[in-house]
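Please consult the sequence and structure shown below alongside the text.

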Amino acid sequence: MAEAVATEQKTTATVTVDGATVEVKKGEMLIEAISHLKHIPHYCYHPGLSIAGNCRMCLVTVEGIPKPAIACATEVKDGMICHTLDDKTAEARRIVLEFLLINHPLDCPVCDKSGECMLQDFSYEYGQDRSRFEEHKVTADNKVFSDHVIYDTNRCISCTRCVRFMEEIDGFGGLCMVQRGDHSKVDIFPGRPVDTLLSGNIVDICPVGALLSKDFLYQHRVWWLEKTDSVCPMCSKNCSIEIDTNLEGDVKRIRPRENERVNEWWMCDIGRYALTDLAENRLESPAGTEGAGKSMKDAIQLFASKAAEAKGKAKVAVSLFASNEEMFLAKKLADKLEAKIAVIEPAKSDAIKFRKFEISGDRAANRTGAALILGETASGVDDVETVIVLGTNPDGSAPEIAKSKAKLLVLTNKIADLAKKAVVALPAALFTEREGSYVNHDNHVQRFKRATFPKSGFGDLQIIAECLKAAGEARYADLSASGVFDLLAKEIPAFAGMSHRSLGKLGEKIRD
C-alpha cells in the first residue's frame, strides 16, 4: 500500500486554483490544470500545438513567484497555489490587452469572426472602455494565402497558431513570421501558397479575424447560425464535424469538432468543402423510365411495389456510405425478398499523410459498419432480373451496376447515367440531411444528426422502410434512426448496450 501511495505522489500533483483544488498529472502545464476547473483567457495556447508563450494573456498569480506567470508555460508543482481573479492578475491582463489592441482595427461590424472572437470576448471582460492611443495605427495590405484562405494583416495579433499548425500538424511549413515589433506579420514563402488539404484548419484556430475563409467571407453572422453535431462521410476516418446552418436551413460552413479519439481538432479540406461537389448536378425529383414526372409519394410507392414484386429475382446493392441504420433495414429488406446483398465500392485511393494527421485511403465512410451488419456479401449483379440500389457513391456512380442489363430501382443523389437508366430513380438525402451512425476504421461508432431537411421531403431510411412495408414488413415504417439503432443493438453483438443517447457527442469504441 505504501508503495502504491508513493507511486501516486510521483505521478500526480495537487494544485489550488482560486480556493478550489484539482489533482493533475505531473508535467502538465498550469493552464491545463486550471482548465479542469475554469476557463482563463489565452490566444497563442492551443492544446494541439506546441507552447509559444507569446501572447501573455494567460497570466496568473502564483504564490511564491514574484511576478505574474504565464499559465501555458508554467509546469505544475505539487501544492502550487494560484489566483486568476485577484487584482494583480486583472491588471496584468488589462495591460496586455491594451497592447494587443493598439493596432487592431475597430472593424467588428464587418469582421466574419465577430460573435465568436476571443479578442472581443476578453476585451469585454478584461479590457478598457476607451483607448489612450493617439498615434496612427500601423497598417498593411491583406494577402491571399491560398484558394480558400485570405490573411487580414491588420487584425493579426501574432499568436503564431497558424505558423505552428503548418509546421507541426501539416508538415508543409509554408508560413512564417516576418518583420519585427509592431510590424510583425505572418507571410507565405515566395511562390508557395498554402496549397495543402489541411489549409482550412488555420482559419478555425485563428483566435481573431485575421485568417478568413473565402467561402464564408461576408456570408453570415455567426449568431444566426444553428450548430449541428455530425460526422464527415468522405473517408473511413469519420472526422467529427459541426455543420452550421442559417434560419432558412442552408448550410453555410462545415468545421471540425473536437474529438481526441478520432480527429483531435482537425479535418481535411476534402470533407470541409464536400457539400459544394455533392450539391452539384443533384437529383431533386424522381427520374427513370417510369418514375420521371411522378410526385415523391407516388414514386416511392412505385419503387417499393416493384421491389416487392422482385422477390426471389433481385439483388440489393448497398452503398458503403449508408448509415448503420440504413444498412440494417437494407439487410432486412434483402432477407424479406430472398435476395443477396452486394456493396457498391468507391474508387480506390491512396492515404494522404501529413506530419500528425492522415486522410484515409479508404474513401468508404462505413465499410466497418457494413462488415458487421451485412455480413457476407455477393459479387456481381448479372444473375438477377432486378437490382435494388440503395445509395451510390457520392458522385452518383456504381460502376458494376451501370453495366448490368437488369432492371434498376435506384436511390441516388446525382443526375447520372445510373439514374437515367433506372426504371425508378429516387433522390437520396445528402449527409447534412440525414441522421444515423457510422463505424470508422478504428471501430469507433459515432452518431450524426440532421442539420437540415431533405429537399425531396423524404430520407433514405424512410424510403427503405416503405420498401419493407410493401414487402409485408410494416414494423419499421414509423421508426426514427434512433429507434432502428435500438433494434440493431439488440441483434448485432458488436453494438450491444449502445444507443444514440449513449454515443453522445464523441461516440463509443466497439469492445473486442
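Predicted model: local features only at pLDDT ≥ 70, side-chain atom pairs only at ≥ 80, totals over all residues.

## Cavities and domain contact

In total, the structure holds 3 cavities of 30 Å³ or more.

The protein is divided into three parts, whose residue ranges are as follows.

| Domain | Residue range |
|---|---|
| Domain 1 | residues 2–101 |
| Domain 2 | residues 136–224 |
| Domain 3 | residues 296–509 |

The remaining description concerns domain 1 and domain 2. A distance of 28 Å separates the C-alpha centres of domain 1 and domain 2. Domain 1 contributes 13 residues to the contact, and domain 2 contributes 12 residues.

The size of an interface is often expressed as the accessible area lost when the parts come together. For domain 1 and domain 2, the buried area is about 950 Å², with 53% of it on carbon and sulfur atoms. Which three residues supply more than any other three of the area that domain 1 buries against domain 2? They are Tyr43, Leu49 and Ser50, which supply 48% of that area.

The side of domain 1 that touches domain 2 comprises 8 nonpolar and 5 polar residues, and no charged residues. The number of salt bridges between domain 1 and domain 2 is 0. A salt bridge as counted here requires a charged side chain from each partner, Lys or Arg on one side and Asp or Glu on the other.

Technical notes. Residues numbered from 1 in each chain as written. Heavy atoms only, no water. Domains from an automatic or database assignment. Contact = heavy atoms within 4.5 Å. Buried area = accessible area lost by both parts, 1.4 Å probe. Salt bridge = Lys/Arg side-chain N within 4 Å of Asp/Glu carboxyl O. Nonpolar A, V, L, I, M, F, W, Y, C, P; charged D, E, K, R; others polar. 1 Å grid on protein atoms, 1.4 Å probe; cavity = no way out; pocket = protein on both sides within 12 Å on 5 of 7 lines; lining within 4 Å. Points joined across faces, edges and corners; volume = space filled by probe spheres on them.
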